[in-house]
Amino acid sequence: MNTPLRRISLVVMALIVLLLGQATWVQVVKADEYKSNQYNQRVLLDEYSHQRGQINAGGQVLASSIPTDDKLKYLRQYADGPMYAPITGYYSQVYGSNGIERAEDSILNGSDDKLFVRRISDVITGRAPAGGNVALTIDPKVQEAAYNAMTSKGYTGSVVAIRPQTGEILAMVSTPSYDPNPLASHDGAAQKAAWNALNPDSPDSPLIDRAISNTYPPGSTFKLVSTAAALDAGMVTPDTPVTAAPRITLPDGTTTLENYNGEACGSGPTVPLSVAFAKSCNGPFAQLADQLGGDKLKAMATALGMENPAQTIPMPVAESDTGDLSDASALAQSGIGQRNVRMTPLQNAMITATIANNGVPVAPHLVSEIQGSDLSVVDTTSPDSGSRAFSSSTASTLTQLMIGSENGGTGSTSSGKIPGVQLASKTGTAEQGPTPKTSPPHTWYDVFGPVPDPQVAVSVIVEKGGNRGDDATGSSVAGPVGRAVVAAALQQGGR
Amino acid sequence: MPADRTALRPIVAAAVSTRRGIELALLALAAVITTGALVLVEANQNQQLNLTLLYLGLAYLALFGGAHLAVRKFAPYADPVMLPCAALLNGLGLVMIHRIDLARAAKAAQLGNPAPDADALRQVAWLALGLVIFVVVMWRVRDHRALARYGYTAGFIGLVLLGLPAILPSALSEVNGAKIWIRVGGVGIQPGEFAKILLTIFFAGFLVSKRDLFTTAGRHFLGMTFPRPRDLAPLLIAWVVAMGVLVFESDLGTSLMFFGIVLAMIYVATERSSWVLIGLVIFGAGAFAAWTFVSRVQLRVDVWLNPLGDPADTSFQVSQGLFGLATGGMLGTGLGAGRPDLVPLSSTDFIFTSMGEELGLVGLMALLLLYGLISTRALRTALAVRDTFGKLLAAGLGFTLMIQVFVVCGGVIDLIPNTGQAAPFMSYGGSSLVANYALVALVLRVSNAARQPATDKAKPEPGAVPAAPRTPLAEAHTQMVSRGDAATPPQGSPALDGDGADAHGAVTHGQAATPPRGTTPPRGAPVPPPHGHGAPGPQGPFPPGPAGAGAHRTGAAPQPPRGRTQPGEHGGGGRTRE
């Protein structure tokens, strides 16, 4: 009976092998899937059990973890929470995270490979493992000016300020904002109450970062793109005469397109392009787009960063796009930033910055440095210039056109001028909503300065006319906000 | 089967010594590992490190030192590996139970509740009781064959214990959905733990006395000899019991364990794989039927197939266990540094996931190999011992342990549907610990019989060659003899005649064993091989254990009286079947 005994021994070994095989399956092959399951509390408990890195900007700590004596050892805290919430995001035990908290999570929780050497040394030296820090490009003074300019008037909208030469984002504001502190509370009920108060499912929720997650019709600010394309193609100069009619009929023969308030662009039948640009007449630019053709217009938009679904700053940015331009009437309407053209405020700021940077777009970014827990520099973001979108002569022509708009055109009527500083700007008043003629418009203001050595490019959108209702224009509502931001940036001295 | 001979060598070819020193050294190593594990837990849980830990380690060593002394006294030739393996598993289990005590205490403190009673202390008390039982079994059962006499009694009690939870009201028998408990006044025991040993004793005795029932040839089919249908009755009874356990206790684990032991033992006794085939088919059919008709079985199977399907409710336990294992990964979080307490029953049924989380896949492998070591040592004991009852008993107990580990571990790692059972030696729980130490004591008893030189019990008669009288035959060096001396080889050397037909003629003083057919050194060799590996293959002349006593030794070995349970008689039959 020894033969069966040996076979039984083999069965015993086979059982062990089966167990080991399944254990390997669970602990190695499926480990990541199981570990990241939302019902596994270990990962979160673990993250809370050692200190998460800070988010800082310009020497100010925006988000940090402080020790507590409850089960979760560290509490996430946000200084000036609402002002920076669109950037830092929140970090909630129940509701997850967003913003930099999410995009740079692996740095902040210390698991990123960039911190590998540091982790090893933590283990060797017995230091408590702590996450890395993320230093932002944000300039707190600019951010504060932008946030205050928006909130003091109760505006809903967004401000983005970029340093044109480097792509550093100096300010990124979305209003109304929210305080991320209660969402990081260790009290589940407080978290829930704060979360529900923010109407997370509403399209108007403060949780939505309007600067990068919402797209808006750019309105007249899109004339920067159509004019750049026309100038770069050699079709026009600032002196080219264009129609001055208060309204034109679109190529489909029935739809009419009129200027703001149905006003004529000049007293004669034509005006120079520069005047039409300064007064932001619609007819000439619709015709320009028609003459350019959809492909050229789309190509210019793409070169300026639109039509890119994969952009990150490092948070993912909603795609700005021009829509379908194959139909001639659609193309004409798109040339003035209506129809299906949609842009994030960040994209509009990028376009402005590209003009300020002589036609070379630089990828916008928020993170300037990755730091170890001891603030030593682990990694630095260097400017990432794209290929030239248009020639530098086109850029300087556009700059002159924008100066004309700022000084004598639509931009000249609003307040907040900065003495001794030459700005270049373009306003936009974009029809929106299901009943465009009676709904208050979105108002835009794109500006950079000082010319000839621009330090900052800003795009402002105030949704639905701000506090002026139907009468709102980019100039009257968004303009003062933009100038305040530029002023704050220039007081910093620039470089 | 020449190829198999080497398999036995490690057991019988070792030195003549009792190897108790090895056992003591291994126990000391287990104590060192356990103490080290305890220190790690304390350090990672930020407890104060002091000399108490060292004293605990020494106390642990003292407990097992007592067991060791009992082995030294009552079974000096017993296998030296099994007790240390059990001790190490037990020690690591204790450390884990203590670690989960700490986590529970911390949680209670956080909620402002008083700390719950420490399970680890109670488990130490159970361990002490388990070792007392271990010593008692060693002391009272001086010859395992005596157990055969109580086979039917054991079988009856075992069956009652197995079935009792199914009959008792759920309030007394159900914990966490498995009706495998008897709870009387706060103390719960799992009768199945004791039933498995009693039923193994019963089956060993039953198979020895009723072997003919199982070996009568029926049809030949698919190259196998099938039993006659009317001889299937015992297997069918076992099947009915297994199905009853599955349906009424909704416990696939116990059912699988019970039926697996029966099948394995029938297979060992009959050498017919047809029994295994029939058994697997009817068990599979029965299990399928149970799955079809019994909703509780369905639920367990659903959770098994889709462990993350309902992590908030029905598959909460299993999924939490899997999360723990996955978080542990390859190397584990480190003892005391994980969160095994998040898994329900983390110190009892799910202790494997606690171990897997903190020790990782590597630690889990080590634990499973320790179990494998105990189980295979028991099976080697079965190979080495000469009497059929001993073979079946050791094999049955060894296989029981492994199949229980398979059921428990397989359940929590989602290899098979999960059932609530204790991991032998590791899980918190008294029944399991006490029963498994009794199990190890029995196997050690058998292994002592397998290795004990006959001279220990039957002194050589006057005139016997005095050379190396204590050398077990199988471990002796072969001596050169001249051709003329072949008829009477010196004591301790193998019989010459490879045929074995005239074996008795080669025996002097009734000492040398009867070489089984075909198991002697190379056939046709004119003289025994020279020194060196001339020692006969492991299956060659057995150490003359009690069961192999020749005619001259009657009265020396404590053989049961003839005509009663006759394990010895069938032992002879068993040998010749090799």
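P452(A) sits in the loop of chain A that runs between β16 (442-449) and β17 (456-462). Helices here are DSSP runs of H or I with at least four residues, strands are runs of E with at least two, and both are numbered from the N terminus.

Before going on, a word on how to read the model. It is a predicted one, in which local features need pLDDT of at least 70 and side-chain atom pairs count only at pLDDT 80 or more, while totals for chains, interfaces and linings use all residues. Residues are numbered from 1 along each chain as its sequence is written, and chains are lettered from A and ligands numbered from 1 in the order in which they are written.

Chain A has another cis peptide bond to look for, between T175(A) and P176(A), with omega about -5°. You will find P176(A) in the loop between β8 (169-175) and α9 (188-197) of chain A. Most peptide bonds are trans, and most residues other than glycine have a negative phi.

Now step back to chain A as a whole. It contains 17 helices and 17 strands. Of its 495 residues, 54% are buried, where buried means that 20 or more other C-beta atoms lie within 10 Å of the residue's own, exposed means 12 or fewer, partly exposed is in between, and C-beta atoms are placed from the backbone. Two residues count as in contact if their C-beta atoms, placed from the backbone, lie within 7 Å. Among the chain A contacts between residues at least 6 apart in sequence, 70% join residues at least 24 apart.

Next comes the meeting of the two chains. Here 49 residues of chain B are in contact with 32 residues of chain A. On the chain B side, α11 (252-270), α14 (316-328), α15 (351-384) and α16 (388-412) each supply at least two residues. The largest share of that side, 12 residues, comes from α15(B). By class, the chain B side has 29 nonpolar residues (Ala, Val, Leu, Ile, Met, Phe, Trp, Tyr, Cys and Pro), 13 polar and seven charged. Charged means Asp, Glu, Lys and Arg, and the others, Gly among them, are polar.

Finally, follow chain B to the loop between α16 and α17 (430-451), where D414(B) lies. D414(B) is not a glycine, yet its phi is positive, about 70°. This residue is buried, with 24 other C-beta atoms within 10 Å. F425(B) lies in the loop between α16 and α17 as well. F425(B) also has a positive phi of about 70° without being a glycine, and it is buried, with 28 other C-beta atoms within 10 Å.
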